[in-house]
Amino acid sequence: MQVAGIRRIGDRAERIEVGELRPLTDDWVLLTVMAAGMGDWDEFVRTGGWDMGARLPMALGWRQPTG
């Protein structure tokens, strides 16, 4: 799956390949995104100012917590 993300902290955001989608559950829907934006918080994550606990490479953008 391709996402807007970073390979290392401080890198410019770019289109990168990450793993496959996890299987959808009955209460999820899959959308095709034609355009998206990035928020101020993505700059904090990209530059290392906010540790989201994600492993690199990582997609930028807000994600619903799972668990």
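Q: In which segment is the place of M1?
A: This is a predicted model, in which local features need pLDDT of at least 70 and side-chain atom pairs count only at pLDDT 80 or more, while totals for chains, interfaces and linings use all residues. Residues are numbered from 1 along each chain as its sequence is written, and side-chain values use heavy atoms, with hydrogens and water left out. With helices (H or I, at least four residues) and strands (E, at least two) taken as DSSP runs numbered from the N terminus, M1 falls in the segment before strand 1 (2-6).

Q: Is M1 buried or exposed, or does it fall in between?
A: The scale used here calls a residue buried under 20% relative accessible area, exposed over 50%, and partly exposed in between, with a 1.4 Å probe and protein chains only. Because its relative accessible area is 36%, M1 is classed as partly exposed.

Q: Which residues is M1 in contact with, leaving aside its neighbours within four places in sequence?
A: Contact here means heavy atoms within 4.5 Å. With neighbours within four places set aside, the residues in contact with M1 are I16, E17, V18, G19 and L21.

Q: Which residues make the nonpolar surface patch of about 480 Å²?
A: Patches are built from residues with over 30% relative accessible area and no salt bridge, like charges being joined within 9 Å and nonpolar side chains (Val, Leu, Ile, Met, Phe, Trp, Tyr) within 5 Å; the areas come from the Shrake-Rupley method with a 1.4 Å probe, and for residues only the protein chains shown count as cover. One of the members, W28, sits in the loop between strand 2 (14-17) and helix 1 (40-46), and W28 is partly exposed because its relative accessibility is 37%. The nonpolar patch is made by M1, L21, L24, W28 and L30.

Q: In what order do the three strands of the open sheet stand?
A: From the N terminus on, the elements of the chain run β-β-α-β, and two strands are taken to pair if DSSP finds at least two bridges between them. Strand 1 and strand 2 pair in the antiparallel sense over four bridges, with I16 in strand 2 as the bridge partner of V3. The pairing in the sheet is antiparallel, and the order is 2-1-3.

Q: Which strands stand at the edges of the sheet?
A: In the order 2-1-3, each edge strand has a single partner strand, so one side of each is left without a neighbour in the sheet. The strands at the edges are strand 2 and strand 3 (58-59).

Q: How many salt bridges does a search of the whole structure find?
A: A salt bridge is counted when a side-chain nitrogen of Lys or Arg is within 4 Å of a carboxyl oxygen of Asp or Glu. E14 pairs in this way with R7, their closest N and O atoms being 3.7 Å apart, and R8 pairs with D11 at 3.5 Å; R8 is exposed because its relative accessibility is 57%, whereas D11 counts as buried because its relative accessible area is 17%. A further pair is formed by E43 and R46. The search finds a total of three.

Q: How far apart are the closest N and O atoms of E43 and R46?
A: Both residues lie in helix 1, three residues apart, about one turn of the helix. E43 is partly exposed because its relative accessible area is 40%, while R46 is buried because its value is 15%. The closest N and O atoms of this salt bridge are apart by 2.8 Å.
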